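Open the model in your viewer and get ready to select residues by number.

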Amino acid sequence: MIDRHELILTCPKGLEGLLLDEAVGLGLDEAREQTAAIRGFANMEVAYRLCLWSRLANRVLLVINRFSTVNAETLYEGVHQVDWSEHLEANGSLAVEFSGHGSGIDNTHFGALKVKDAIVDRLRTASGERPSIDKLNPDLRVHLRLDRGQAILSLDLSGHSLHQRGYRLQQGAAPLKENLAAAVLIRAGWPRIAAAGGALTDPMCGVGTFLVEGAMIAADMAPNLRRERWGFSAWLGHVPALWNRLHAEAQARADAGLAKQPLWIRGYEADPRLIQPAKNNIERAGLASWIRVYQGDVATFEPRPDQNQKGLVICNPPYGERLGDEASLVYLYQNLGERLRQACLGWEAAVLTSAPDLGKRMGIRSHKQYAFWNGALPCKLLLIKVQLDQFVTGQRSPSTEVKSDVSAEDKPVAELARLSEGGQMFANRLQKNLKVLGKWARKQNAQCYRLYDADMPEYALAIDLYGDWVHVQEYAPPRSIDPDKAQARLYDALGAIPQALGISRDRVVVKRRERQSGTRQYERQASQGEFLEVREGDVKLLVNLTDYLDTGLFLDHRPLRLRIAREASGKRFLNLYCYTATATVHAAKGGARSTTSVDLSKTYLDWARRNLALNGLSDRQRLEQADVMSWLEEDRGEYDLIFIDPPTFSNSKRMEGVFDVQRDHVALLDLAMARLATGGTLYFSNNFRKFVLDADIAQRYAVEEISGATMDEDFRRNSKIHRAWKLQAR
């Protein structure tokens, strides 16, 4: 068998240049880049060395044939002509991987089947013995790539992908593959820093992938030294003596490297559930004496206090895929920037991010950026030299700014973000609103109120205060607005909110509000299940700031709820489309003789039951799960006080047809007025901005629009938030 082979090394997209340099350094000749791969020539010693030492490759493929093919038959013939007895015993096991298409083969399964048939037919003995198929641990893994009529037939020397080093049996929610982590470290200059005795720290280390890969580089440990099974282990062309020599050399280098004084390598992780998995991975990698992992968030990570210590800070911040993650991510990046400025002057930093705009929130300029792909997700690697001239200048709000009455504790925010000019203007507006509305809210005993509602058109947000929590809703920008600019303004606003209001960053929740249809505004967005108890007048209510687009408490209806509380004494109260029954709680606390609340959602009726129980109310409070229109047609009760706040549209699976408030409000009001006792009052409200009350309603009933009287100071800037009417029998 010849000892010069064509090799193809595959890798994640974007790593081709790095892999080319690495492979050439390991002895690959005539190397050149391809898409997600490099190609070159080498003897078996270099092929083995690439398997053992490549930190970046996924697979090392040894090409055994190239041929043209025009259809399935010529594909079969090209594979069949190879002397497979040089590679596999007739009773061995086989796996085939097929990629590409063309030449009449558009199905990879069919292509793999033809390759398998050709190999098996060539090796079948006179007695009928033939190779078996083993997709997990075959004796020989064959790969065929079909590209524009050319078939490239290879043996996979790797076996399982080389990124699977074997130490990471436990991983976090968004794992970074080991070879990508190694590539980031190499791009960040860690080999140079490690050679000079520098330190390495990851303030968001997860299960420790950066730390382990970095320590292996520093200790001169081959990344696949501990792998026990290879793609060549049972290959007939395998040269065990050569492999054993190379493996022994690598083991000797690792032993010598690990015997050196360990570098300072530390990881910090906020999630306590990941600490032990990280330690387990480090132990399996044989690096427990080199790496330490501690529980702590970004704001607390502390590099070595030795003033002469320098090194690399590296991290892959969370990507944020759940509702409300934007605020926490903005503050995460701000915290990281602040920590770098305070504790890491003279260090280098590398941040792998899928959101480069968030990277700007660190307030430190990157001097280089590299494109990477984490699976299908495009990312940027930001390289930073933590020096004074790298800091982005910007205004910093003084710590003596107006203190908010939002926080239960009168304490300053620990770290203040560097605000852009627009962010500072936004902060000023929030503080102005807080000064005026905070005074009003204290007089009204209003713990929950709207502080800001797109007062500045370029910052299209609604900001509500719920005790010492901030609930931010971003209105979806019109298509005429550049999405990047809209996102940058959102980040500016989020950066300004904590310091403008004197509130902790972890108490800001963000949601995006788009035009909703049907019941989408009531659909679950997350599942944290955390409820916050707030007060409104004399009642206690539960809100959920994270799991739904709405919180369970419509703040604009506060005046109507308080009016109902004042008028409910001794009356039979009916609440239609009751949602979480906040108006019912007010009515019951106001002395209602009985209450009935109707809604189609079991989730919100359960929430309503909790609101009632929180206020010691349960005995005479009736909760009905039903479609309101159908329920009114069947119910024969009589009520002295009725409140109706229907959705604009509703198309629940539990009801027949679709409810449209403009189309159906006449029928709804007629049905409800038929249940109104003599001398009773019905309050009707809705949030459909184009709503027009049918003229016939005023002909049949005494109707008074009370919209202005149901608007508190916090909604005066948005007087179209709802309209409300008082109806009585003539």
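## The whole chain

Start with a cartoon view of everything. The protein chain has 19 helices and 32 strands. Keep in mind that this is a predicted model.

How does the radius of gyration compare with that of a compact globule of 730 residues? The chain has 34 Å, while such a globule would have a value near 27 Å.

Next, colour by burial. Of the 730 residues, 55% count as buried. Then look at contacts between residues at least 6 apart in sequence: 73% of these join residues at least 24 apart.

## Stop 1: helices α2 and α8

Select residues 44-53 for α2 and residues 240-259 for α8. Their axes come within 10 Å and cross at roughly 40°. The two helices are therefore oblique to each other. The crossing of α2 past α8 is right-handed.

Show the side chains where they touch. On α2, pick M44, E45, Y48, R49, L52 and W53. On α8, pick L242, W243, R245, L246, H247, A250 and R253. This contact holds 8 nonpolar, 1 polar and 4 charged residues.

Look at the spacing of the picks along each helix. An α-helix has 3.6 residues a turn, so residues three or four places apart point the same way.

## Stop 2: helices α3 and α4

Move on to residues 72-80, which form α3, and residues 108-123, which form α4. They pack at an angle of about 40°, and their axes are 8 Å apart. That angle makes α3 oblique to α4. Here too, look for a right-handed crossing as α3 passes α4.

Which residues of α3 meet α4? Select A72, L75, Y76, V79 and H80. Their partners in α4 are F110, G111, K114, V115, D117, A118, I119, D121 and R122. By class, the contact has 8 nonpolar, 2 polar and 4 charged residues.

## Stop 3

Select V96 in strand β5, which covers residues 93-101. Beyond its neighbours within four places in sequence, V96 is in contact with A112, V115, K116 and V142.

## Stop 4

Go to α5, residues 178-187. Is this helix enclosed or open? With 8 of its 10 residues buried, α5 is largely enclosed by the rest of the structure. The buried ones are E178, N179, L180, A181, A182, A183, V184 and L185. After the helix comes G189, with a positive phi near 85°.

From α5, the contact uses E178, A181, A182, V184, L185 and I186; from α7, it uses T209, F210, E213, G214 and I217. The residues divide into 7 nonpolar, 2 polar and 2 charged.

## Last stop: R266

Finish in strand β10, residues 265-269, where you will find R266. Is R266 buried or exposed? Its relative accessibility is 17%, so R266 counts as buried. Leaving out neighbours within four places in sequence, R266 is in contact with L200, T201, D202, L211, W290, R292 and Y294.

Notes
Residues numbered from 1 in each chain as written. Predicted model: local features only at pLDDT ≥ 70, side-chain atom pairs only at ≥ 80, totals over all residues. Heavy atoms only, no water. Axes fitted to C-alpha atoms, helices over the stretch in contact; angles between N-to-C directions. Helix = DSSP H or I, 4+ residues; strand = E, 2+ residues; numbered from the N terminus. Parallel < 35°, antiparallel > 145°, perpendicular 65-115°, else oblique. Left-handed = near helix turned anticlockwise from the far one by under 90°. Contact = heavy atoms within 4.5 Å. Nonpolar A, V, L, I, M, F, W, Y, C, P; charged D, E, K, R; others polar. Rg over C-alpha atoms; globule rule 2.2 N^0.38 Å. Buried < 20%, exposed > 50% of the residue type's maximum accessible area, 1.4 Å probe, protein only.
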